[in-house]
Structure formats: structure tokens, C-alpha cells
Amino acid sequence: MWRLATLCHATVVGSRAQIRRGLTATAASMNIPGENNAMKRREELLKIYRDGLLEDTARFWFPRSVDREHGGFLHCFERDGTLIDTDKGVWVQGRMTWMLLTLYNTVARRPEWLEWAHQGLEFIDRHCFDTDGRMFFHVTREGRPIRKRRYAYSESFAAIAHAAYARATGSDRSAARAWELFELFTRWNFTPGLMPPKFTDTRPMIGMGPRIITIATAQELRANLGDNRVNTWIDRCIEEIRRYFVKPELRAVMEAVGPNGEIIDHFDGRTLNPGHAIEGAWFIMQEGKVRGDSALVRLGCDMLDWMW
């Protein structure tokens with residue numbers, strides 16, 4: 001799955017080519033050695049990421065993963081491309097659809113990317129929803145349900161896929177569907193008592209996961225649908241992460257805490273998740289960049305430094 005992680009992270013690179021060229025030209029015209037070295041290194045890194053995205057990662061997964069027989073995407077491959085399982089994770093269906101559409105929207109408008117994304121979205125809509133409107137977690141290659149989780153992350157990834165499709169095609173239906181799924185995701189995750197509990201009430205805890213995914217999902221809806229209504233959710237989740245989970249005195253970001261941010265001094269409470277912390281840092285730094293807010297950038301940098 002390392003290639004998928006690379007693809008998730010690298011899709012932003014292609015959309016910034018003009019900015020990069022402009023920054024490089026500006027630094028060169030100023031004739032500042034330090035600035036020139038920094039810009040040269042930046043160009044080298046951006047080329048590594050862009051080539052890794054388009055010539056390695058995307059080339060490995062597409063069209064290999066496209067299931068032309070049943071729709072959606074196959075995603076269990078050995079490094080040599082050998083298919084080792086045909087079951088389909090619903091998270092992956094949403095994420096791969098979104099990735100293709102993000103490539104289409106920000107890197108190059110290749111018709112095959114849009115075609116593959118369209119069939120991925122059709123598979124999601126046809127096979128990945130239960131009768132109560134919530135989504136499955138794990139289905140067969142043909143789309144028969146295997147597992148449904150108590151939490152609602154499949155919905156967030158379907159939401160960003162629909163939002164990106166709306167941007168790519170102008171589909172009002174997908175725009176509306178993205179909002180419906182985002183509202184379902186936030187309602188399910190943040191309404192007290194709605195989600196079935198994982199533990200008893202003996203030692204209540206809250207997790208950072210729903211908050212970082214809310215930020216990322218809201219950012220994608222805002223970017224693709226041009227609607228700032230999601231800012232309320234972004235503000236809430238960043239503040240809760242800062243207040244409850246970020247512990248400057250420990251130089252750590254907790255994965256789960258008590259309802260008021262207290263550290264639970266047991267295995268579950270002491271568990272750290274660098275992956276989630278780094279994702280949260282990434283999304284918060286991105287929000288700081290969008291808003292020109294240096295305090296958010298600083299918060300994200302601290303989280304990254306402490307959990308790297």
C-alpha cells in the first residue's frame with residue numbers, strides 16, 4: 001500500500017507547476033545564493049515527487065487496478081503486479097476514485113482518468129450502500145457485502161470522490177451527494193449516543209481519527225465545490241485537536257484521551273499513532289496556508305516535529 005500512500009500525498013504536485021516556475025524565476029532574478037540553493041533543492045524534490053507520482057505510482061496502479069468486469073478497483077497486488085485477493089475495501093474505492101479525479105482536475109485532463117473514476121463511482125453507488133443509507137466497509141469483487149463497521153469513514157471517502165467528480169464534470173447530483181455524505185459522516189461521528197459504543201462507560205475516551213478526517217473531507221469539499229460552509233467544522237476540529245490531543249508538555253500528540261483531554265494512564269490511553277498525528281499536522285498546515293494563518297502552520301509543524 002506504500003504506492004497508494006505516495007499517490008495520495010503527491011496529487012497536489014502537478015497543479016503548482018506555474019507557481020514553481022514563477023518562484024524559481026523570481027529567486028534567480030534576485031541573485032541571492034541562499035535563495036537560489038533553496039529553490040534548486042525545491043525543484044529537485046518536486047521533480048522526484050512528480051516523477052514518482054506519474055511514472056511510478058500511477059503507472060503501477062492504473063489501469064492494472066481497474067476492474068473492467070465488475071466495476072470498481074482491485075487493490076491487493078504483490079509488488080510485481082500479481083493479484084493476490086479480489087475482495088474490495090470500500091475505503092479504497094472512494095479514495096482511488098478521488099485520486100484519479102484529483103489527477104484529472106489538477107494535473108492533466110486525461111480522458112482515461114475520468115473514465116476509470118466514473119466506473120469507480122458507479123460501483124460505489126451501486127454496491128457499497130446498505131438499506132439504511134450507511135456504507136459497507138468490505139465487499140466481494142462483484143459487490144456483495146461482507147462487513148459493515150460501526151463507524152462512518154467509508155462515507156467520508158465517497159463524499160470526496162463525489163465532490164471531485166462534480167468539479168470534473170459539473171454534476172449537480174454528485175455535488176449534492178457529496179454534501180449528503182459529509183453530513184451523514186459528521187452526524188454519525190459527532191452526535192452523542194448515535195454511534196454504537198466500542199467500550200463500556202467505565203473509562204470513556206474520545207479519538208483524534210474522526211477529527212482529522214473531518215478536516216480533510218471538509219477541505220476537499222471546499223476546494224472542489226467552492227463552498228465555505230465547511231469552515232465551521234474545520235474550526236471545531238482543529239480547536240478540539242489543539243485543546244484535547246496536542247500535549248506540548250509531553251511533546252506528543254495523543255491518539256485517544258478522556259472526554260476533556262485527560263490522559264488515560266493505561267495501554268489504550270498511552271498508545272501513540274504517528275501516522276494519524278502526521279496526517280493531522282498536514283491538514284492543519286494546509287489550512288494555515290489557505291488562510292494565511294501562521295499560528296495554524298506553527299501548530300502543524302509542532303505536531304509533525306514531535307511525532308516524526
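In the classification used here, Ala, Val, Leu, Ile, Met, Phe, Trp, Tyr, Cys and Pro count as nonpolar, Asp, Glu, Lys and Arg count as charged, and the others, Gly among them, count as polar. By these classes, the lining of the second largest pocket in this predicted model comprises 21 nonpolar, 9 polar and 12 charged residues. The briefing below takes up that pocket, then the cavity, the salt bridges and a few features of the surface.

**Second largest pocket**

- The space in the second largest pocket amounts to about 1,400 Å³, and 42 residues line it, with Arg150, Met205, Ile206, Gly207 and Pro210 lying nearest its centre.
- At least two lining residues of this pocket come from each of the helices α4 (90-106), α7 (172-190), α8 (209-225), α9 (231-245) and α11 (274-291), and the strand β6 (206-207) likewise supplies at least two.
- Helix α8 gives the most to the lining of the second largest pocket, with a contribution of 5 residues.

- When the whole structure is searched, 1 cavity of 30 Å³ or more is found, and the volume of the largest cavity is about 40 Å³.
- The lining of the largest cavity consists of Trp91, Arg134, Met135, Phe136, Phe137, Arg149, Tyr151, Ala152, Tyr153, Ser154 and Glu155, which by class gives 7 nonpolar, 1 polar and 3 charged residues.

**Salt bridges**

- Side chains of opposite charge can pair when their charged atoms come close, and the structure holds 24 salt bridges.
- One of these joins Glu115 to Arg68, with their closest N and O atoms 3.6 Å apart; because Glu115 belongs to helix α5 (residues 111-127) and Arg68 to the loop between α3 and β1 (76-77), the pair ties together parts that are 47 residues apart in sequence.
- Within that pair, Glu115 counts as partly exposed because its relative accessibility is 45%, whereas Arg68, at 58% relative accessibility, counts as exposed.
- Another salt bridge brings together the side chains of Arg242 and Glu239, at 2.4 Å from N to O, and both residues lie in helix α9, 3 residues apart, which is about one turn of the helix.

**Surface and local position**

- Leu45, Ile48 and Tyr49 make a nonpolar surface patch of about 270 Å²; of these residues, Ile48 is found in helix α3 (residues 33-61).
- Because the threshold for exposed is over 50% relative accessible area, Ile48 counts as exposed with its relative accessibility of 53%.
- Arg298, in helix α12 (residues 294-307), has a relative accessibility of 44% and therefore counts as partly exposed.
- Although Arg298 and Gly288 are 10 residues apart along the chain, a distance of 8.5 Å separates their C-alpha atoms.

Terms used
Residues numbered from 1 in each chain as written. Predicted model: local features only at pLDDT ≥ 70, side-chain atom pairs only at ≥ 80, totals over all residues. Heavy atoms only, no water. Helix = DSSP H or I, 4+ residues; strand = E, 2+ residues; numbered from the N terminus. Buried < 20%, exposed > 50% of the residue type's maximum accessible area, 1.4 Å probe, protein only. 1 Å grid on protein atoms, 1.4 Å probe; cavity = no way out; pocket = protein on both sides within 12 Å on 5 of 7 lines; lining within 4 Å. Points joined across faces, edges and corners; volume = space filled by probe spheres on them. Patch = residues over 30% accessible without salt bridge, like charges linked within 9 Å, V, L, I, M, F, W, Y side chains within 5 Å. Areas by Shrake-Rupley, 256 points an atom, 1.4 Å probe, with all protein chains shown as cover. Salt bridge = Lys/Arg side-chain N within 4 Å of Asp/Glu carboxyl O.
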